Amino acid sequence: MEKIYDVIIIGGGPAGLSAALYAGRARLDVLMIEKMTEGGQIATTNEIENYPGGLEEDSGPALSLRMKAQAKKFGAAMVRENVVEVDLEGDVKVVKTDTNTYKAKSIIAATGAKPRLLDVPGEKELTGMGVSYCATCDGAFFADLPVFVIGGGDSAVEEALFLTRYAKKVTIIHRRDSLKAAKYLQDQAIDHPKIDFIWNSAVKEIKGKFEVKSMTIKNLITNETTEIEASEEDGTFGIFVFVGLVPLSELFEGKLDMDGGYIITNENMETNIKGVYAAGDIRAKTLRQVVTAAADGAIAATQVDKYLNGH
C-alpha cells in the first residue's frame, strides 16, 4: 500500500524542527523535508543570545543539531530533498520533490525566508567572491582585511560585531541616520574600536573580477556618490549584506492566502485550506526570531494532532 504520512513538514529550520518534535511526541507519523542543512537561517548564525535557556556562547549550528537529534529521538523521519510542487486540496495532500512523491493527511509549511539582495550591478557576479550574506560562513576569509556591513537591524549589527574577530576594520553602511538594532547591540557597535559607520547611504554598484575591487555608494540626503576602492596593500575587501528577508513562499503562491508573500494564518497556525498549517518566518507576523519560530512549530503540530484525532 502507498504510504500516507500523518503530517509532512516542509522546511527544517527552528519552526520545522519544533513541529517535528511535537508531532513525534504525539505519536504521529512525521516526515520533515529540508533541501539544505537543518536549522535554516540559524545554521549560519554564530551566536544565539536571545533564545531562552540557551547555552552560553551557543552557536546556531550547535542548537540546530540538538533540535534535530531531539526530533529524531521521538521518531520524526527526515529527508534532504528539494520540494518542487504541492497539491494541498482534498483529504490527502501531495508533495513532490525532485526525486520522490510523498502523501500526507496534513501539511506544515515551514519554508522560512532568505536574505534580501541589494539588487545592484555586480552583486550577483561577485557573490561568493567578496559579497556574502553569512558572516559565520565567510568571515574568516577576510582576516586582516576591511569589511563593510550593509544594514542597520539586529542581524547586521550582530554580524558586524562577529566580523571584528577577523577584519581589521568593519564599516556599517545604513540608509538612515541611526541603527534599528536593539539598544544593547547599538551600544556594543558604537563603542567598538574596530567599527565605523557611514550613515544615510546605500550601495549602488559593486565592481571587480573574481574579487571585490570597489564599491559605489550614494548619500541619500545629498545625492553625492562616492567610490570606495580597495587599497593596494589589501587588494580587496568584503561586503556583507543584511537588509532584510524575502519569504520562501513560491510553492504556495495561488494556493494559500498571503500578505506580501507571507502566508496568512490564525493564532492556531491554520491557513485558508483545511489540514494545511504554516509556521515560522514564512508566516505573516510581527516578530521573526528563533523563539517565535519554535513556538509556531509547536502550535502547528499540536493543531495537526487535534485535526487528525478530533480532540
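Which residues is Ser 64 in contact with, leaving aside its neighbours within four places in sequence? Some notes on that and on the rest of the model follow.

1. **Ground rules.** This is a predicted model, where local features need pLDDT of at least 70, side-chain atom pairs count only at pLDDT 80 or more, and totals for chains, interfaces and linings use all residues. Residues are numbered from 1 along each chain as its sequence is written, and side-chain values use heavy atoms, with hydrogens and water left out.

2. **Ser 64.** To the opening question: setting aside neighbours within four places in sequence, Ser 64 touches Leu 17, Glu 38, Gly 39, Ile 42 and Ala 43. Contact here means heavy atoms within 4.5 Å. Ser 64 sits in helix H2, and with 3% relative accessibility it counts as buried. The cut-offs are under 20% relative accessible area for buried, over 50% for exposed, and partly exposed in between, with a 1.4 Å probe and protein chains only.

3. **Overall picture.** The protein comes to seven helices and 20 strands. These are DSSP runs numbered from the N terminus: H or I of at least four residues for helices, E of at least two for strands. The C-alpha atoms fill a box of roughly 65 × 40 × 30 Å along the principal axes. A compact globule of 311 residues would have a radius of gyration near 19 Å, and the 21 Å of this protein agrees with that. The radius is taken over C-alpha atoms, and the globule rule is 2.2 Å times the number of residues to the power 0.38.

4. **Surface and contacts.** Buried residues make up 49% of the 311. The accessible surface is about 15300 Å², with 49% of it belonging to carbon and sulfur atoms; areas come from the Shrake-Rupley method with a 1.4 Å probe, and for residues only the protein chains shown count as cover. Taking contacts between residues at least 6 apart in sequence, 59% join residues at least 24 apart.

5. **H2, length and sides.** H2 runs over residues 60-73, and its 14 residues should span 20 Å at 1.5 Å a residue; the end C-alpha atoms are 20 Å apart, which agrees. (The expected span is 1.5 Å times one less than the number of residues.) Its buried residues are Gly 60, Leu 63, Ser 64, Met 67 and Ala 71. They cover an arc of only 100 degrees around the axis, so they lie on the same side of H2; the arc is that of the directions from the helix axis to the C-beta atoms. In general, an α-helix has 3.6 residues a turn, so residues three or four places apart point the same way. On the face turned away from the buried side, H2 carries the exposed residues Leu 65 and Lys 73.

6. **H2, partners and ends.** The buried residues of H2 pack against helix H1 (14-25), strand S3 (77-79) and helix H7 (290-309). Ser 59 caps the N-terminal end, with a side-chain oxygen 3.2 Å from the backbone nitrogen of Ala 62. Just after H2, Gly 75 takes a positive phi of about 95 degrees.

7. **H7.** This helix has 20 residues and reaches 29 Å from first C-alpha to last, close to the 28 Å expected at 1.5 Å a residue. Its buried residues include Val 290, Asp 296, Gln 303 and Asp 305. As a group, the buried residues of H7 pack against strand S1 (7-10), H1, H2, strand S7 (107-109) and strand S20 (276-278). Gly 310 follows H7, with a positive phi near 65 degrees.

8. **Two positive phi values to check off.** Neither residue here is a glycine: Asp 144 has a positive phi of about 65 degrees, and Asn 200 one of about 50 degrees. Asp 144 lies in the loop between helix H4 (135-138) and strand S10 (146-150) and is exposed, at 57% relative accessible area. Asn 200 is in the loop between strand S12 (195-198) and strand S13 (201-208), and its 19% relative accessibility makes it buried.

9. Thr 171 lies in strand S11 (residues 169-173) and is buried at 6% relative accessible area. Beyond its neighbours within four places in sequence, Thr 171 is in contact with Val 147, Phe 148, Val 149, Asp 196, Phe 197 and Ile 198. Leu 287, in the loop between S20 and H7, is partly exposed at 44%.

Definitions and conventions: A polar contact is a pair of N or O atoms within 3.5 Å; within protein, one must be able to donate a hydrogen and the other to accept it, and residues adjacent in sequence count only if both atoms are side-chain atoms.
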